Structures are given as structure tokens and as C-alpha cells.
Amino acid sequence: MLLILLLVPLFAAVILAFVGDRKFAPEINIIGSAATFVAGAGLALQVFEQGPMLAGKNFFFVDAFNVYLAVLTSFVSMTTAIFSRRYMRREREHGRIGHIRIRFYHAMFQLFIFAMLLCLLTNNIGVLWIAMELATLSTVLLVSLYRTPTAIEAAWKYFILCGVGISQALFGTVLLYFAAEKVLGEGGEALLWTNLNKVSGSLEPTVLSLAFVFLMVGYGTKVGLVPLHNWLPDAHSEGPTPISAVLSGLLLNVALYALVRCKVLVDGSTGTHHAGNIMMGFGLLSILVAAFSLLRQKDIKRMFSYSSIEHMGIATFAFGLGGPIATFGALLHMLVHSLAKSAIFFTVGHASQMHRTQDMDKIMGLFKGNPLVGWGLMFGVMAIVGMPPFGVFTSEFLILTATIKDAPWLTPFLLLGLGVAFAALFRRVQPMVSGDVPPHQKPMKAAHVPVILHMALVLMLGIYMPGFLNNWFHTAVELLK
Amino acid sequence: MKLYTFVTEFLQLIILIGIAPAFTGWVRMLKCWSQGRTSAGLFQPYRDLDKLFSKDVLLADNATWIFRFTPYLVFGTAVLAGGIIPMLTVDLPIAYAADVIVLVALFAIARFFTALAGMDMGTAFGGMGSSREMTIASLAEPAMLMAIFTVSLASKSTSLSQMVHVIYSGQYVFRPSIAFALIAFILIALAETGRIPVDNPATHLELTMIHEAMILEYSGRHLALIEWAGMMKLFLFVMLGIAVFAPWGIASSGDFIPILSAFFFMLLKLGIIGIGLVLIETGLAKMRIFRMTEFLGSAFLLATLGMLSFFILE
Amino acid sequence: MDINIASQITSFLAALVLLTAFAMLAQRRMYGLVNLFAWQGLFLSINTAIVGFVAGKHHLYISSVLTLSLKVILLPYILHVLIRRLKVHKEVEMVVNIPMTMLIGIALVIFSYHLTAPVMELSTLVTRSTLAVALATVMIGLLMMITRRHAVTQIIGFLAMENGLFFAATSATYGMPLVVELGVALDILIAAFIFGIFFFHINTTFDSLDVDQMARLKEED
């Protein structure tokens, strides 16, 4: 099942590369993503019944931590594929992209999904790095899809900064292998996460502390943590909206996943809270800087990318804090943030298509113009700022509780960040959704299903947590302790 | 035995004073050949010196004692430096009293007085040459010291004789630090001896000359002494390079036969280095003076890298 | 081969790699830069082969051949073609002047030495002393990307960083497992195609490969 999950997107990428810009290409894209999701769900079922497992000569493995992220990834990629069918059709009508680029877009989209899944499911931390780089490379040209000067600039920044960042992570991986080789002997076995985790107590602490600094900088760049975040708002705002949605909703999660995996090893070796403290520092800084940057934004997609930085900061902070409540909160936060944020990007995409601009001052009257888009955006923002009864409220509440308990002196900063972000987002969204329909707004048919589905899930997670998810989170918390 | 070392010391000075013009002649000869010209022969520098010695000295009215004193001082320091560098044998009496830092200081004294003498007359060219010379010196000297320190780190001594000893007994074949120091040394030596690409010894073109501008006012035996000292400086730098980086052949005792063979080895190495120098000079164009900081900066960089790689790699 | 001599040879090659890294910092001409990059790759490749021979690690031969074909032949060739097609021959504009960059470079070498000193003490390999050089090469590549404002130079800096990483893997652990090495090589290859496409995009959109022109995306007040 695991291998199927990986093969489907790869296969779909090849098919789509050949199909090109036929009429049914978006449908194939949807079918491919849906098949991926089915495989993901199947894998989840298997893990639910049998517990953690290894596959492909220990090359892949699934446990409670990565299975939910894999399902999430396949789910969001499916809904994004559905959304992108209508969105991209509209973009073509506007003449922003042509045949070749559509072919390219579809193939690369699937390749990107494959890279992320490989990243999540591989057991080998070297391959983890490779997959992460592949995920970057496959999206670089998607960000510059429109070929406008700003899009190319954003993609170049993305390429260069992430390339530099990820190189640091490779150096960290080399150091990790250096320490592992002493204990586990040479060869590929020494890079398997499961093996490393077993012997993490006997790995050399000085080397691992050093390695973590490099890994933190490396994967932290991809998570978009301040001060390594420069590429993120540009890349997320200049690319096509479906890509913004998966970048914000999925790729950041995957990078954070890689970082947390490494942190577990480092903690096991050093026995101190050294790695956690670094993560808390980066996390808190990201929350504060992103919250205040939110106030200054004019571009709608840019604003929500800063919101992504803020939320990744929260999750990083919570993982750094450690402890069962905070870790549980962080896991939940990754889930609900990615659902809510991609839903927001769907509505934002439609809103900016309707107004032919991403400038927030020119977007207005969404409630009247297109109720689904208007209310979707409104509810999405309510969810993302952490209003009850949405799931983000639950996770942020858990994290806040844990902070008050474990690191009370940081609570005011955290609250300040959350408060500023709340105010900033509401101040901006209010005028966009209310008011009369402006003359330059063009009506359009929006993709209903993805938005409604995502918002429903976020709402549900706020009210009721399914048993299996609860179980997984608890197992994952045990694992990450 | 004690007397014997003084004899070798004396021999060495004779060789320095006697052969230095021949080496310059050799370089000029090769250069002529490489450019397809007929050369004036190996001994042309001797004839030039002879001619200058037989001419009268022309002194300006406002020339002070510095102007008259400088040629003798420059010549004297060059001879003294020749006593420190092991050319034929490492068993030199003065070498025990003075190490490589003294050597650098000797060159610095000569340069200082040349620069003063250049300004003494108050002519525009002299002042310009002096300022340029000092600019280059301020960049070249730290680099020179750095390169030499790198080598002395490896041999754990700043005495040249000791360095040669260590390299003789050395178990190292590939030493990155020494290799870096060697490249740095070559760059510095080109700058210090005023060769292309830093300075052109054959030019009297106003805008480009550096060393020649300082000594433009000299004539007669003063000029002869300075020219001779210049030839000796080139010779000394070659000898210094040989002693530090390729000492094979230098006699480690004061016996007659090894010294004789050391002499032939020296001639051989001089011949080869002359060819190398000509290749550099014909292959490169003279640099703009503003590029000099980069040129000598990279020499300093290389020397520093050599020192770092001594700590890191060895 | 005698282990002592092997260690001296690897040290010497490490010194050459460092030297090429610095030479790249100082180099102004594009073709010169590409050639230096190729030289660096060549030294790395030889070093890898020697380490493989001394340590008896045969997968290092594959890495060595991979480096040779990718970083000495293919990538420089692609860069040459791109430079010729895009008619890039002007001297590279620098943010910081060369001597300053050099001094920063030296500081970076010392910093790398300091950083890797604890790791070196733990290692027993022949190549352990070269780890500091490897990290320094990575840092210098980074420095080059920061101080140069030309797209092609930035890419060369990026590739030089990758060289340093490869070197680090060889010197710290006799190379990563083969799967990882191959994967990294694949990633570099894809990256090469992407930047190739990029150069054309940037060139057609901005009429130049000067990165300074790409400064439209800023925080607006």
C-alpha cells in the first residue's frame, strides 16, 4: 500500500507530461490525486490496524507521526487538484498561460506531491534530504509560471535561498551520519531513522548538537522561520494560487516534519533541552515578526503567506517546548492550519480572479458578489486567527496552556503575537467581504467542494476529535517525547 | 675550523657581488631571445657598471647627505643580507646571529633610504616614485613576513640555516602550507625586486616607472652602486627562495667538495629560475598600479592560507 | 599506499580545493570562474578516488567518476554554452571589493576550523583534517552567492557550496551511502536544468542577468 501511494503520483506525473494540454488533463490530475488519497487512506487503515511498519527493505516506514501527514498531504493535493481545474481554466481564458505551461504545471504538480510523500515516508534521512530538495526544485518553475518579472524574481529568490538553506541541512546530515557510523557501522543502515532512534542515546552529543544547528538552519529555511523567511512571502504570492495553497498548506508541514524527526534524535543523544530551546527561539521570533508584518501588507496572498509563517512559528515553538500537551497541540496545529490555510488560498484565488488583482484595497463586496467566496474567506480567517469553535482554537489553546505551565515568561510574547495577527487579519478582511459589489468585479463560478470540505473538517476538528486521530496523536506524542 | 667558516662566508659574499650582475645579464639575455632580439651578452651589466663608475657624479645644489649616503647604505645592506642567506653552506657565522626577520628589516632599511633619497631633491618624479614604492612596500612586507612565518612554523625556527636543516631532514613531501607560502613568496619577490607585472625594470616612461623614478637623479658611481645593489637584491631573493623552498644541494658542512658541488647546483638553479622569471615576464603585462593592492593582497591571502592550513591540515 | 603519504596527498588536494575556492572569490571573468569551478571539481574527484583507494571503499570510485562527469565536464560545459548564448562577458559587479571579500573568506576559514575542531577530535579517519576545509568551501560558496550580483555567479557559488558538501561527506565519513550520493547528484542535475531555463527567463524578462534588477518585491509601507 505504501509503495502504491508513492507510485501513483509519479505515474500520474508521467502520464500528465504526455497528455499535455488536452481537454481532460485536469480530470486526470484529479483522478491521480484522488487515487493517491485513496492509497493514503488505505495506508492509514493498515497502520491503524497493524501499528507502525517498515517496507521496502526498511527503506520506508510509517508510524503515527508521518501517516497522518501523508493522508493530509494526499487529501489536500486532491482538493487542490479539484480547485485548480476551475482556477487554471480561468487563467487560460485570461491568457496568462499557454499549452506548454499547462502541461508543465500538471506534471510538476504531481511530481511535487510525490516528492513530499517520499519525504514523509522514507526511513533514510539522506533520502529525506533528497526528497526535500526535489520538492523545492519541482516547485521553482511553478512559482515562475506566469513569467512576469515579479514571478521570476520570486522564483529566483526561492531557488537560491532554499538551495542555500538546504545545503546547510545536508551538512547537518553528513555530521549525523558521521556520528551514526561510529555506532551503527558504515553503509545505508546507519542513515535509517528507525535504527538511529534505537541507538540515539549512544550517539556523540557534541557532534549532534553541531549537526542540529545546521539542520535547524537548513530545514528552518524551508519551514520559513524568521530570519530565514525572505523567500516565502514572495514565492507564495507570485505563483498560481493552487501552488500557493500546497506550498503553504503542505510543504511547510513536511519541512517541519523533517526538522522534528531530527530533533528527536538530537534530544535522545544530548539528553538536554538544547535543540528544543533553539526551536522555541526561532518559533517565537517567527510569530512576532510575522504578526507585525501582517499589519503592513497590501497584497492579499502575501498577507496570508505571512500568516503561514506565523502559524509555522507556533508549531515550531510548541515542538520546541516539548511535553505531551504542547506536542499534541503542535500536531493538531499542523493539521488544522494546513486545512484552513489551503481553504483560504482557494477563496483568495477566486477573489483575486474576480477582481483581476491581488491588491486588497481593490477587492470588496465579496459577500454580495459571490457568497461562497465571501463567506469562505470570512470563515477561513475566523478559523485561522483561532476563534472557537474551529480546530485552530483547540490547538492554539493547548499550546498556550502548555506554555503557561512550562514557560510562563514567554506567554505574554505568544499572546502578543496571536493578538496582533488577529487584529491585522480582521482589519483587512472586513472591508474585502462587506460592502457593495464594485464595477470591476466580474462574477465567476467558484469551486465549491474544496472550500466547503476543508472548512467542515476544520470545524469538526474543533468540536469533535475522531478516536483514531486521537490515538495517533497520542502515539506520536509518545514517539516524540 | 673556525677560520674555515669565515672563509666560506667570504666566498659567499664574493659570489654575491660577482655573480649578481651575471644573473641579471642572463635574464636580459633570455628575454632578448624570447622576443627575437639579439642580446648584448651575459656580461653587459658588468660593462654598464664599469661605464658608470668611470663617470663623474653630478650632484644637485640642494642635495643633502642623505642623497650621497644612500647608495653606500643600499649596497652595504645588500652585502650584509648576503651574509645571512645560506647560498653555499648552512654553516655561516653571521647566520647564527641574524634570522630571517633581520633580513626583512635590512631590505626595509635600504628601501626607506632610497625613498628618502628620492624625495631629497624635491623633484616631482622622485616624490612620486617614493610614494609608490612605499605603497607597495606597506603591502608587500606584511605578506613577506607572513610567508616566512608560515615556513618557520613548519621548521619551528626563524633562522634560515635552521630552516634548511629541517627541510633536509624532513619527512614531509606534500606540505600545503609550504606550497601556499611558495606561491605567496613568488608574488612578493616579483613586487620587491620590481619585475613585471608590478614594475618594469627597463622602462623610463613617466607614468609607469616606480623604482626607476626614485633613482632618476643619480649618476656616476652612485648610480652604479644602486644598480649593482638592485641586481644583488634580485639575486638575493632568488637565493632566499632556494634556501627556504628548494635547498637541495646546499652544503650542510664546511668541507671543500660539498661547497664546490653546492656552487654548481646554485648555478643550475639560477639558470632554471632565470628561465622561469622570463616566462613570467614575457607572459604577463604590467599591471595598473591600482591593481597592486589586489596583487599583493592575494599574496598576503595565500601566505595566511598557508599558515591556516598548517594548523588545519598538518 | 602508505597511510602517511596518502594523508599528505589528501591534505594537499584539500589545500588546492581551498585555493580554487579563494581564486573563485577573486575571479572577475565569467569563463575564468567556470574554469576554476571545473578545476575544483577535478581536485575533488581525484581526492575521492585516492580516499577510496586508501580506505578500500569501492563505492567512492563511483562517486569520483560521478563528480568527474558531472562537475568537471557536464556542468562547466552547460555553463559555457549558456554564457556564450546569453553573451555574458562583462566583468562581474561586486557588492564588496575583492580584498575585503578575501579577508571575510579567511575569517570564515578560521570559523570553520573552530566549528569542526570537536568533530575532528572524534574522528580516526585519514581524511579528518580536511573537514574544516570542506566546511570552509561551503562557507566561501555562500559568501560568493551573497557578494556577487550576477545570476551566473550566484549559481556557480551554489555549485561550489555543493562541492564543499560533497567534500565534507568524503572527509568526515568516507562518503555517504551510495543511494544518497546518487540522489544528491540527481538533484544537482535537475537544478542545473532549472537554472539553465531560469537564465533565459531572467534574460528575456530583464534584458540582463544582473540580479540587482530583481528588487521589485519588497515590503511596502
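**Figure 1. Helix α8 (residues 205–223) of chain A packs against helix α4 (residues 98–122) of chain C at an angle of about 145 degrees, with the axes 9 Å apart.** This is a predicted model, in which local features need pLDDT of at least 70, side-chain atom pairs count only at pLDDT 80 or more, and totals for chains, interfaces and linings use all residues. Residues are numbered from 1 along each chain as its sequence is written, while chains are lettered from A and ligands numbered from 1 in the order in which they are written. Helices (H or I, at least four residues) and strands (E, at least two) are DSSP runs, numbered from the N terminus. Axes are lines fitted to C-alpha atoms, for helices over the stretch in contact, and angles run from 0 to 180 degrees between N-to-C directions. The crossing of α8(A) and α4(C) is left-handed (near helix turned anticlockwise from the far one by less than a right angle; clockwise would be right-handed).

**Figure 2. Residues where α8(A) meets α4(C).** From α8(A) come Thr206(A), Val207(A) and Leu210(A). They meet Leu115(C), Pro118(C), Val119(C) and Leu122(C) of α4(C). Two residues are in contact if their C-beta atoms, placed from the backbone, lie within 7 Å. By class, this contact of α8(A) with α4(C) has 6 nonpolar residues, 1 polar and no charged. Ala, Val, Leu, Ile, Met, Phe, Trp, Tyr, Cys and Pro count as nonpolar, Asp, Glu, Lys and Arg as charged, and the others, Gly among them, as polar.

**Figure 3. The side of chain A that touches chain C.** Of the 2 pairs of chains that touch, A and C have the most contacts. Chain A brings 39 residues and chain C brings 38 residues. On chain A, α5 (125–143), α6 and α8 each supply at least two residues. The most come from α6(A), with 18 residues. The chain A side splits into 22 nonpolar, 9 polar and 8 charged residues.

**Figure 4. The side of chain B that touches chain C.** This contact takes 19 residues from chain B and 21 residues from chain C. Helices α8 (176–192) and α12 (292–313) of chain B each supply at least two residues of the chain B side. There α12(B) gives the most, with 12 residues. The chain B side holds 12 nonpolar, 5 polar and 2 charged residues. Chains A and B share no contact; their closest C-alpha atoms lie 18 Å apart.

**Figure 5. Leu175(A) in the largest nonpolar core.** A nonpolar core is a set of buried Ala, Val, Leu, Ile, Met, Phe, Trp, Tyr and Cys residues joined through C-beta atoms within 7 Å. Buried means that 20 or more other C-beta atoms lie within 10 Å of a residue's own, with C-beta atoms placed from the backbone. The largest core has 362 residues, and Leu175(A) and Ala143(B) have the most contacts inside it. Helix α6 (residues 149–184) of chain A gives the most to this core, with 22 residues. Leu175(A) touches Val207(A), Leu210(A), Ala211(A), Phe214(A), Val119(C) and Ala172(C), not counting residues up to four places away in sequence. A separate core of 7 residues includes Val54(C), Leu125(C), Val126(C) and Tyr174(C).

**Figure 6. Chain C, with 7 helices and 0 strands.** Its C-alpha atoms fill a box of roughly 55 × 35 × 30 Å along the principal axes. Of the 221 residues of chain C, 53% count as buried.

How values were computed:
A residue is buried if 20 or more other C-beta atoms lie within 10 Å of its own, exposed if 12 or fewer, and partly exposed in between; C-beta atoms are placed from the backbone.
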